[in-house]
Amino acid sequence: MLSLARHAVRRSSAMAAAFQRRAMSAHAGKTIECKAAVASEPHKLSIETVSVAPPKAGEVRIKVVANAICHTDLYTLQGQDPEGKFPCILGHEAGAIVESVGEGVTSVAPGDHVIPCYTPECREPDCIFCQSDKTNLCPRIRATQGQGVMPDGTSRFSLNGEPLYHFMGTSTFSEYTVCAEISLAKISKEADLKKACLFGCGVPTGLGAVFNTLKVEAGSSVAVFGLGAVGLAVIQAAKMAGASRIFAIDINDEKKDIATQLGATDFVNPEKLDGKTTQDYLVGETTWGVDYTFDATGHVDVMRTALEASHRGWGKSCVIGVAAAGHEISTRPFQLVTGRSWWGTAFGGYKSRTDVPELVNQYLSGDLPVDHYITNYFEGIERTEEAIAASKNGQCLRAVVVY
């Protein structure tokens, strides 16, 4: 009897999955009209009905379920991104379901749950980047992605017959979007996409900066500059790695509690050091400096501070934050001659299609909690501007818009 019951459950699940695939594919090969938050120019966003063309060869059209607002979206909307093109559809931190696939697509199918990733992974034998364990920076579609178009040089979005630019190869400020197959990480359907969307950018970036880029060891000291979602993910990872002392650094005192909960041992407000520079304070607290420092602010002066606060002889400093167009970093060469080194990371060094599914599995098993990063939920794509406004509030970590 129990065996029959299990068979019935499996059959019911299979039928439900088949129904979902048929429903998702009902528009296959046809243009879809849907709502999107369109950035017509810097600082100007409006909800419009756009046309989303079917995917071409090697492409996938997906239905976006939830989208988290990342500061990279705001940075571009404010006109600070040198690659920012307008009019465009922003968004790159989302959870979605495959609606239809183009010719030659084999790694995903209608109904699959996916995380769009701005760092693709082609896995081709001739891609020295994908074949190397030193980097995750696959350049297969980099040129066209930076130009705001699909790999064939055209757009899948249009508004009133005029094309719209894509953004970061994802454009998830739209109820439907088209991505290259190599930009989609297929994940477990057990994961709630309203939370799993976080694995599209900020959280993996912070985690990977610790685990992959600088490879923080147990017993070491860590300093994190900037306590947004990325910086807090660095703290969470440093604690998991066994760091013995973790300095959380921010000018907003209200960030102290969450930083402490995630593992910070010390909270430092640079504006309350009685005239001392932050690097002098940190060197004084540790004698020779901090073993590993991380900038998650995007400010070049803070990047310099982070480097100069790192340990004489072996200190490593990782640049995570994206600086505004035209800004450059500088320090005295003596800082490098005496053993400090500057590093950088993109998406935390994770290979998107390979590693994101595993991160989601860790989340599902309880080994990698991320729910604490979501401080605001908004229902409906129409509330995207509200979510953006909330994201500028110093108390918001991630605002998620559920479509």
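**Figure 1. Five-stranded open sheet in the predicted model.** The strands follow the order S4-S1-S2-S7-S8, and their pairing is antiparallel. Strand S4 (88-89) and strand S8 (162-164) form the edges, each pairing on one side only. Strands of a sheet pair through backbone hydrogen bonds, in either a parallel or an antiparallel arrangement.

**Figure 2. The S1-S2 hairpin.** Nine bridges link strand S1 (residues 32-41) to strand S2 (residues 44-52) in the antiparallel sense. Within this pair, Cys 34 stands opposite Val 50 of S2. Two residues separate S1 and S2 in the hairpin. His 43, in the turn, has a positive phi of about 75 degrees.

**Figure 3. Pairing of S7 with S2 and with S8.** Strand S7 (residues 157-159) pairs with S2 over two bridges, in the antiparallel sense. Here Ser 51 has Ser 158 of S7 as its bridge partner. S7 is also joined to S8 by three bridges, and these two strands run antiparallel. Leu 159 stands opposite Glu 162, a residue of S8. S8 is an edge strand of the sheet, pairing on one side only.

Figure 4. A polar atom of the Thr 384 side chain lies 2.6 Å from the backbone oxygen of Ile 381. With neighbours within four places in sequence left aside, Thr 384 is in contact with Ala 37, Leu 45, Ile 69, Phe 173 and Val 401. Of these contact residues, Ala 37 falls within the range of S1 (residues 32-41) and Leu 45 within that of S2 (residues 44-52).

**Figure 5. Nonpolar surface patch at Ile 128, Phe 129 and Leu 137.** Together these three residues have about 290 Å² of accessible area. Ile 128 is placed in the loop between strand S6 (113-116) and helix H3 (142-146). Its relative accessibility is 64%; because this is over 50%, Ile 128 counts as exposed.

Note on methods
Residues are numbered from 1 along each chain as its sequence is written. This is a predicted model: local features need pLDDT of at least 70, side-chain atom pairs count only at pLDDT 80 or more; totals for chains, interfaces and linings use all residues. Side-chain values use heavy atoms; hydrogens and water are left out. A polar contact is a pair of N or O atoms within 3.5 Å; within protein, one must be able to donate a hydrogen and the other to accept it, and residues adjacent in sequence count only if both atoms are side-chain atoms. Contact means heavy atoms within 4.5 Å. Patches are made of residues with over 30% relative accessible area and no salt bridge: like charges are joined within 9 Å, nonpolar side chains (Val, Leu, Ile, Met, Phe, Trp, Tyr) within 5 Å. Accessible areas come from the Shrake-Rupley method with a 1.4 Å probe; for residues, only the protein chains shown count as cover. A salt bridge is a side-chain nitrogen of Lys or Arg within 4 Å of a carboxyl oxygen of Asp or Glu. Helices (H or I, at least four residues) and strands (E, at least two) are DSSP runs, numbered from the N terminus. Buried means under 20% relative accessible area, exposed over 50%, partly exposed in between (1.4 Å probe, protein chains only). Two strands pair if DSSP finds at least two bridges between them.
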